[in-house]
Amino acid sequence: KMNTDDLIILMIPIYDKYFTHNDISALISFYDSKIGRKFIKMQPYIMTESLQAGVKGSEDILLRLDINK
């Protein structure tokens, strides 16, 4: 079973690849802010609706392609 520390150790090189120390400090400040906390709270809803919109868009495209055969 993987614990939080194990996950952090795995993630450090990935974040290190894309973010500077200053970037990480700014991200921490953002997520500690009121809007950052709201973003975290709303993110699951945003992701769910985004995925649903993507599926609907894909279905619409497939229907149009099938009609145009």
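Visitor: Is Asp60 buried, partly exposed or exposed?
Guide: This is a predicted model, so the answer is a computed one. Buried means under 20% relative accessible area, and exposed means over 50%. Asp60 has a relative accessible area of 28%, so Asp60 is partly exposed.

Visitor: Which residue does the side chain of Asp60 meet in a salt bridge?
Guide: The structure holds one salt bridge. The contact runs from N to O at 2.9 Å. The cut-off is 4 Å, from a side-chain nitrogen of Lys or Arg to a carboxyl oxygen of Asp or Glu. The partner of Asp60 is Lys56.

Visitor: Where do Lys56 and Asp60 lie?
Guide: Lys56 has a relative accessible area of 47%, so Lys56 is partly exposed. Lys56 and Asp60 are four residues apart, about one turn of the helix. Both lie in helix H3, residues 34-67.

Visitor: How far apart in space are Ser58 and Arg37?
Guide: Ser58 is found in helix H3. Its relative accessible area is 41%, which means partly exposed. Ser58 and Arg37 are 21 residues apart in sequence. C-alpha to C-alpha, the distance between Ser58 and Arg37 is 32 Å.

Visitor: What is the volume of the largest pocket?
Guide: The lining includes Ile8, Met11, Asp16, His21 and Tyr31. H1 and helix H2 (21-32) each supply at least two residues of that lining. The volume of the largest pocket is about 290 Å³.

Visitor: How many residues of the lining of the largest pocket are charged?
Guide: Nine residues of the lining are nonpolar and two are polar. Asp counts as charged, and Asp16 is one of the lining residues. The number of charged residues in the lining is one.

Visitor: Where is Thr20 found?
Guide: Thr20 is among the residues that line the largest pocket. Its relative accessible area is 44%, so Thr20 is partly exposed. Thr20 and Asp5 are 15 residues apart in sequence and 21 Å apart in space, C-alpha to C-alpha. Thr20 sits in the loop between H1 and H2.

Visitor: What accessible area does the nonpolar patch on the surface have together?
Guide: Met11 is one of its members, and Met11 has its place in helix H1, residues 4-18. Patch residues need over 30% relative accessible area. Met11 is partly exposed because its relative accessible area is 31%. With Met2, Leu7, Leu10, Ile14, Tyr15, Tyr18 and Phe19, Met11 forms a patch of about 790 Å².

Methods:
Residues are numbered from 1 along each chain as its sequence is written. This is a predicted model: local features need pLDDT of at least 70, side-chain atom pairs count only at pLDDT 80 or more; totals for chains, interfaces and linings use all residues. Side-chain values use heavy atoms; hydrogens and water are left out. Patches are made of residues with over 30% relative accessible area and no salt bridge: like charges are joined within 9 Å, nonpolar side chains (Val, Leu, Ile, Met, Phe, Trp, Tyr) within 5 Å. Accessible areas come from the Shrake-Rupley method with a 1.4 Å probe; for residues, only the protein chains shown count as cover. Buried means under 20% relative accessible area, exposed over 50%, partly exposed in between (1.4 Å probe, protein chains only). On a 1 Å grid over the protein atoms alone, a cavity is a set of points where a 1.4 Å probe fits but cannot get out, and a pocket is an open set with protein on both sides within 12 Å along at least five of seven lines; lining residues have an atom within 4 Å of a point. Grid points are joined across faces, edges and corners, and a volume is the space filled by probe spheres set on the points.
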